[in-house]
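I opened a notebook on a structure that is new to me. These are my entries, in the order I looked things up.

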Amino acid sequence: MNTIVGTYECKVDAKGRLMMPAPLKKQLASSLQDGFVLKRSVFQPCLELYPMEEWNLMMQKINKLNRFVKKNNDFIRRFTAGVKVVEIDALGRLLVPKDLVAFSSISKDVVFSSAVNIVEIWDKDLYEKSISGEDMDFADLAEEVMGNINDDDNGIS
């Protein structure tokens with residue numbers, strides 16, 4: 001698993017193309033040949049860009065679900081709704097299909113935000129709202145999610 005680092009801004013053109021920021025493109029260089037999967041986020045009004053290798057790992061997990069359990073089948077259908085295989089073109093652009101542009105409300109300014117092994121693609125205004133803390137206290141969230149994790153002997157989480 002490759003860890004992707006950084007938050008980058010760019011603009012979308014009239015055709016729905018995003019210029020991949022150079023530092024992000026460099027981090028994803030090993031994935032450029034295999035391509036990517038672009039999908040709707042489950043929890044947020046943004047898109048998720050999976051390097052194909054990461055997508056295949058996710059599909060291995062999902063393929064373990066018993067499809068004779070209705071909830072599993074419903075989950076698979078919703079999780080994969082709108083999924084597209086995409087590539088970064090020779091000029092470093094990513095074409096976002098119109099249905100995914102509409103889902104994510106991408107209009108003009110876009111944020112690429114690293115999310116460990118994938119990249120979230122946000123409309124800039126929605127991204128700013130999501131991190132502003134208006135609907136949650138990040139300190140409380142951090143304590144709840146990470147407060148009891150200490151896998152190392154170094155005393156830091």
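Where does I149 lie? I found I149 in the segment after α6 (138-146).

**Ground rules.** I am reading a predicted model, where local features need pLDDT of at least 70, side-chain atom pairs count only at pLDDT 80 or more, and totals for chains, interfaces and linings use all residues. Residues are numbered from 1 along each chain as its sequence is written, and side-chain values use heavy atoms, with hydrogens and water left out.

I went back to I149. I149 counts as partly exposed, at 35% relative accessibility. On this scale buried is under 20% relative accessible area, exposed is over 50%, and partly exposed is in between (1.4 Å probe, protein chains only).

**Whole chain.** I noted six helices and eight strands. From the N terminus the order is β-β-α-β-β-α-α-β-β-α-β-β-α-α. The chain has 157 residues, and 34% of them count as buried.

**Helix α2.** Which residues of α2 (residues 52-62) are buried? I listed M52, E54, W55, M59 and I62. They sit on the same side of α2, because they cover an arc of only 155 degrees around the axis. The arc is taken from the directions from the helix axis to the C-beta atoms. An α-helix has 3.6 residues a turn, so residues three or four places apart point the same way. E53 and K61 are exposed, on the face turned away from the buried side. The buried residues pack against β3 (36-40), β4 (47-51), α3 (70-79) and β5 (84-86).

**Cores.** I looked up the largest nonpolar core next and found 22 residues in it. A core is a set of buried Ala, Val, Leu, Ile, Met, Phe, Trp, Tyr and Cys residues joined through side-chain atoms within 4.5 Å. L18, L49, F112 and I121 have the most contacts inside this core. The elements β1 (7-11), β3, β4, β7 and β8 each give two or more residues to it. Apart from it lies another core of nine residues, including M52, M59, I62 and F79.

**Positive phi.** Most residues other than glycine have a negative phi. I noted S105, whose phi is near 55 degrees, a positive value. S105 lies in the loop between α4 (98-104) and β7. S105 is partly exposed, with a relative accessible area of 40%. V116 also has a positive phi, of about 65 degrees, although it is not a glycine. V116 is in the loop between β7 (109-115) and β8 (118-123). How far apart are V116 and N2 in space, C-alpha to C-alpha? They are 7.9 Å apart, yet 114 residues apart in sequence.

Key: Helices (H or I, at least four residues) and strands (E, at least two) are DSSP runs, numbered from the N terminus. Contact means heavy atoms within 4.5 Å.
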